[in-house]
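Subject: A structure for you to look at

Hi there,

Here is the structure I promised to send over. Have a look at it first, and then read on for what turned up.

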Amino acid sequence: MNREAVEITGEFIKLDSLIKFAGVTDTGGIAKELVKLGKVKVNGEVCLMRGKKIRPGDVVSIEGLEEELEVASKPDGTGF
């Protein structure tokens, strides 16, 4: 499985927002549904909390997606 870095500027990003920000879904509603259905793992464990705080170093995988999302800090102040 490939790993894609998703850079954020803040201390954290909420799980459903990360999924939308990374371009996995077109809408936040679809991202919320993926989480609700148990199709999202955070650091290898299924997560049902759409508002879970995802911090740099966390890895998110979505069922059916060939890539994992690894959150990283973006030092220049651009990004989410």
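**The sheet and what surrounds it**

Five strands make up an open sheet with mixed pairing, in the order 1-7-6-3-4. Its edges are strand 1 (2–8) and strand 4 (45–46), each of which pairs on one side only. Please keep in mind that this is a predicted model.

Read from the N terminus, the elements come as β-β-α-α-β-β-β-β-β.

Strand 1 runs parallel to strand 7 (residues 67–73), and seven bridges join the pair. One of the residue pairs to look for is asparagine 2, whose bridge partner in strand 7 is glutamate 67.

Next comes the step from strand 7 to strand 6, where the pairing is antiparallel, over three bridges. Here valine 59 has glutamate 70 of strand 7 as its bridge partner. Strands 6 and 7 form a hairpin with four residues between them, and glycine 64 in the turn shows a positive phi of about 90°.

Strand 6 (residues 59–62) deserves a look from both sides.

**The protein as a whole**

How does the radius of gyration of the protein agree with that of a compact globule? A compact globule of 80 residues would be near 12 Å, and the protein has 11 Å, so the value agrees. Along the principal axes, the C-alpha atoms fill a box of roughly 35 × 25 × 20 Å.

Of the 80 residues, 29% count as buried. The accessible surface comes to about 4800 Å², with 47% of it belonging to carbon and sulfur atoms. As for contacts between residues at least 6 apart in sequence, 53% of them join residues at least 24 apart.

Definitions and conventions. Residues are numbered from 1 along each chain as its sequence is written. This is a predicted model: local features need pLDDT of at least 70, side-chain atom pairs count only at pLDDT 80 or more; totals for chains, interfaces and linings use all residues. Side-chain values use heavy atoms; hydrogens and water are left out. Helices (H or I, at least four residues) and strands (E, at least two) are DSSP runs, numbered from the N terminus. The radius of gyration is taken over C-alpha atoms; the globule rule is 2.2 Å times the number of residues to the power 0.38. Buried means under 20% relative accessible area, exposed over 50%, partly exposed in between (1.4 Å probe, protein chains only). Contact means heavy atoms within 4.5 Å. Accessible areas come from the Shrake-Rupley method with a 1.4 Å probe; for residues, only the protein chains shown count as cover. Two strands pair if DSSP finds at least two bridges between them.
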